[in-house]
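Biologist: I am new to reading protein models. Could you walk me through one, feature by feature?
Modeller: Gladly! Here it is.

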Amino acid sequence: MKGFVNTNTRTSHKLFHCLKFMSNSLNLMPGQKYKVIKTFVDFDHLTHPIGETWTFVETNFLPYESGLTLHVLQEDLPAVYRLRWTHEDQAEIVSHFMDYVEQC
């Protein structure tokens, strides 16, 4: 078919890069220890106070819920913190996460 463009490949490629960015959108480095410098509350209503420390493991992004799961080690034990990237929830925190934590 002349002039046919397979948009599925382009769409899949764009989606892959979008999801890859979103899953690493916090710009945290695996294995790096971080300290909370501005208190925030996550999706599960857990308060993360100034001074809290943990080691970053990875993030997962769930596009159908705009959910961002942060996997960390806190006191050498696995922990999961959930954020929701919507205006009603934690979009401000996710968009400016490095204002809330710093490497230590």
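Predicted model: local features only at pLDDT ≥ 70, side-chain atom pairs only at ≥ 80, totals over all residues.

Biologist: How many bridges join β1 to β7?

Modeller: Three bridges link strand β1 (residues 33–36) with β7, and the two run antiparallel. As an example of residues facing each other, V36 stands opposite V101 in β7.

Biologist: And how many bridges join β1 to β4?

Modeller: Three bridges again, with β1 and β4 running antiparallel. Here K35 is the residue opposite T53 in β4. Moving along, β4 and β5 are joined by seven bridges and also run antiparallel.

Biologist: What should I know about side chains along a strand?

Modeller: In a regular strand, side chains alternate between the two faces of the sheet. Keep that in mind as you turn the model around.

Biologist: Next, aromatic rings. How do I describe a pair of them?

Modeller: You give the distance of the centres and the angle of the planes. In this model the count comes to four aromatic pairs. One of them is Y34 with W54, a tilted pair with 5.8 Å from centre to centre and 35° between the planes.

Biologist: Where do Y34 and W54 lie?

Modeller: Y34 is in strand β1 and W54 in strand β4 (residues 53–62), so the pair ties together parts that are 20 residues apart in sequence.

Biologist: Are these two residues buried or exposed?

Modeller: Residues under 20% relative accessible area count as buried. Y34 has 0%, so it is buried. W54 has 1% relative accessibility, so it counts as buried as well.

Biologist: What kind of pair do F40 and F97 form?

Modeller: Their ring centres are 5.7 Å apart and their planes are at 70°, so this pair is edge-to-face. It links distant parts of the chain: F40 is in strand β2 (residues 40–41), while F97 is in the loop between α2 (91–95) and β7, 57 residues apart. F40 and F97 are both buried. Together with Y100, F40 and F97 form one aromatic cluster.

Biologist: What does the largest nonpolar core look like, and which residues touch the most other members?

Modeller: This core has 19 residues, and those touching the most other members are L26, L28, F40, W54, L70, F97 and V101. You have met F40, W54, F97 and V101 already. At least two residues of the core come from each of β1, β4, β5, β6 and α2.

Biologist: Now the backbone. What should I expect of the phi angle?

Modeller: Most residues other than glycine have a negative phi. E75, although not a glycine, has a positive phi of about 55°. D76 is not a glycine either, and its phi is positive too, at about 65°.

Biologist: Where is E75 found, and where is the place of D76?

Modeller: E75 is in the loop between β5 (67–74) and β6, and D76 is in the loop between β5 and β6. E75 has 74% relative accessibility and counts as exposed. D76 is exposed with a relative accessible area of 70%. For another positive phi, look at S66, near 55°, in the hairpin of β4 and β5, which has four residues between the strands.

Biologist: Let's end with Q103. Where is its place?

Modeller: Q103 sits in strand β7. With a relative accessible area of 44%, Q103 is partly exposed. Leaving aside neighbours within four places in sequence, Q103 is in contact with M29, Q32, K33 and Y34. Q103 and T55 are 48 residues apart along the chain, with their C-alpha atoms separated by 9.5 Å.

Key
Residues numbered from 1 in each chain as written. Heavy atoms only, no water. Pairing = 2+ DSSP bridges. Phe/Tyr/Trp six-rings, centres within 6.5 Å; stacked < 30°, edge-to-face > 60°. Buried < 20%, exposed > 50% of the residue type's maximum accessible area, 1.4 Å probe, protein only. Core = buried A, V, L, I, M, F, W, Y, C linked by side-chain atoms within 4.5 Å. Contact = heavy atoms within 4.5 Å.
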